[in-house]
Amino acid sequence: MGLREKKRNQRRVLARRSAAPRSGEGKDFLPLEERPGKKRAREEQPEEPENTSTVLYIGHIPHGFYEEQMQGFFQQFGTVKRLRIARNRKTGKSKHYGFIEFENPEVAKIVADEMNNYLLFEHTLQIAIVPPEKIHPKLWKGVRRGFIPIDRVAIERRRLNKDKTIEEHKKLVDKIVKRDEKRRKRIKAAGIDYECPPLIGSVQPSAKKIKFED
């Protein structure tokens, strides 16, 4: 086959391609129907259940942001029914988490959505809705009277100052004598020539029972 025949064949192929109708030409519109066996999977997103809880958990509460400050801050969203900050029973210091209750559940949801991860006094607040079934029945016990710390010093003072019975006094003296004996042995073992003063512990005599003859 010469060079001329090759050129002729190329021209014929090009002419056939140009004469053949292209896919989609000559039609007013393209078919929108999907091919059988290739249906588009549409994932229906489940609707979020309606919020009915009015209690929120608040974590990472900064120092100085206590009940009074929290009441004034969250009142801008809606009416606050109750709030509580977890505190140490001995010292009364904040544990940096607490709970707050609104009157309207819609307000509680808005606060949880908008104030979560809110930066306050270099602390990022962690706010979440507490479902009604997870609320402890004693969560709001004593919230109206506020937190009253236990006075451990007064309790210990009363314990030490109370009148002791004869048996309690004897036990106390025995403990003091035993500690003194151990102290004297340590001094003697160290090679120190020291004469410890004697302990004088008076034990009250037991009360006598008086019998009256008829």
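User: With which residue does Arg184 form a salt bridge?

Analyst: This is a predicted model, and a salt bridge here needs a side-chain nitrogen of Lys or Arg within 4 Å of a carboxyl oxygen of Asp or Glu. Both partners lie in helix α5 (residues 166-189), four residues apart, which is about one turn of the helix. The closest N and O atoms are 2.9 Å apart, and the partner of Arg184 is Asp180.

User: Is Asp180 buried or exposed?

Analyst: A residue counts as buried when its relative accessible area is under 20%. Arg184, with a relative accessible area of 33%, is partly exposed. For Asp180 the relative accessible area is 12%, so Asp180 is buried.

User: How many residues apart in sequence are the parts that the pair of Arg87 and Glu67 ties together?

Analyst: Arg87 forms a salt bridge with Glu67, and the closest N and O atoms of this pair are 3.0 Å apart. Arg87 lies in strand β2 and Glu67 in helix α2 (residues 67-74), so the parts tied together are apart in sequence by 20 residues.

User: Which residue in β3 stands opposite Leu56?

Analyst: Strand β1 is joined to strand β3 (residues 94-102) by five bridges, and these two strands run antiparallel. Strand β3 is also joined to strand β2 (residues 80-87), by six bridges and again antiparallel, with Val80 standing opposite Phe102. Opposite Leu56, the residue in β3 is Ile100.

User: Where does Glu122, which has a positive phi although it is not a glycine, lie?

Analyst: Most residues other than glycine have a negative phi. Glu122 has a positive phi of about 65°, and it counts as exposed at 75% relative accessibility. As for its place in the chain, Glu122 lies in the loop between β4 (119-120) and β5 (123-124).

User: What is the phi of His96 near?

Analyst: His96 is found in strand β3 and is partly exposed, with a relative accessible area of 35%. Its phi is a positive value in a residue other than glycine, near 70°.

Note on methods:
Residues numbered from 1 in each chain as written. Predicted model: local features only at pLDDT ≥ 70, side-chain atom pairs only at ≥ 80, totals over all residues. Heavy atoms only, no water. Pairing = 2+ DSSP bridges. Buried < 20%, exposed > 50% of the residue type's maximum accessible area, 1.4 Å probe, protein only.
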